[in-house]
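Please consult the sequence and the structure while reading.

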Amino acid sequence: MKLTTLHKLSQMKLEKDPITVLTAYDATYANLLSKQGIDVILVGDSLGMVIQGNRTTVPVTIEQMCYHTEAVVRGNQSAFVIGDMPYMTYATVDAALDNATLLMQSGANMVKLEGGEWLFDTVAKLSDVGIPVCAHLGLTPQSVDALGGYRVQGRDEEQASQIIQDAIALQEAGASMLVLECVPADLAKKITDQLSIPTIGIGAGVHTDGQVLVLYDMLGLNLDFRPKFVKDFVAEKGVETIADAISLYIRQVKERSFPTADHSFE
């Protein structure tokens, strides 16, 4: 199977072909996702919660991320693979270079960092040395304690303006993709329309260039609660296997029938 590239993902934005993204943390699920035709696999530090059982993503280490990235890459057939940079592994430019190198050497095609304009120099340096960067704005789980919990970001005008400013700055620094998490749908649309790089939404409405969910969430395996933006695809009519659920997720993202207003924020 032909590997998905960053160039293809950029073309998908231009052609308004929605980009499908799911997380995976092991070879078996990576293989299943890629065989169903997922465009991007995110090796998310969400593994700290869904695999390790932690309250937040903060305890996840770079060594653990490299381990899971290697496993995903071995199982993957065609998807573009993004590896999360865990908590405090990019607090300085030098730290970011060292840790991003480890993730890329583990097989990732891109690294993802959470944060706004303060990451400008870091993103610029990573881009300069040939490490593709996915930025992440809105609700940034690594900063959940500083944000006061898992809350929608960008609802007031000042905060929305800051997120737009951050998005533009990160693109100018060299970011090649942007995840928008838990922001109002109209704000996500404004950012998507202003940027030339693909935007991937999670709880950000239907008008981003693509959608991402945590695999365990879309399979209905939530341990404690189901966020508003999550849909249990296993429970859908006609779904008999995990492969069916993944295929339905891909189809509904491509058709833009997911997410609906019920999965989005105003």
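The buried residues of helix 6 are covered by elements including helix 5 (93-105), strand 4 (110-114), strand 5 (133-138) and helix 8 (157-173). Helix 6 spans residues 120-128, and its buried residues are Thr122, Val123, Ala124 and Leu126. Buried means under 20% relative accessible area, with a 1.4 Å probe and protein chains only. Just after helix 6, Gly130 takes a positive phi of about 90 degrees.

## Basis of the description

This is a predicted model, in which local features need pLDDT of at least 70 and side-chain atom pairs count only at pLDDT 80 or more, while totals for chains, interfaces and linings use all residues. Residues are numbered from 1 along each chain as its sequence is written, and side-chain values use heavy atoms, leaving out hydrogens and water. Helices (H or I, at least four residues) and strands (E, at least two) are DSSP runs, numbered from the N terminus.

## Helix 2 against helix 11

Helix 2 (residues 27-36) packs against helix 11 (residues 242-255) at an angle of about 50 degrees, and their axes are 9 Å apart. Helix 2 is therefore oblique to helix 11, a class for angles left over once those under 35 degrees (roughly parallel), over 145 (roughly antiparallel) and 65 to 115 (roughly perpendicular) are set aside.

From helix 2, Tyr29, Leu32, Leu33 and Gln36 meet Ile242, Ala243, Ile246, Ser247 and Ile250 of helix 11; contact means heavy atoms within 4.5 Å. By class, this contact of helix 2 with helix 11 has 7 nonpolar, 2 polar and no charged residues.

How values were computed. Axes are lines fitted to C-alpha atoms, for helices over the stretch in contact, and angles run from 0 to 180 degrees between N-to-C directions. Ala, Val, Leu, Ile, Met, Phe, Trp, Tyr, Cys and Pro count as nonpolar, Asp, Glu, Lys and Arg as charged, and the others, Gly among them, as polar. Buried means under 20% relative accessible area, exposed over 50%, partly exposed in between (1.4 Å probe, protein chains only).
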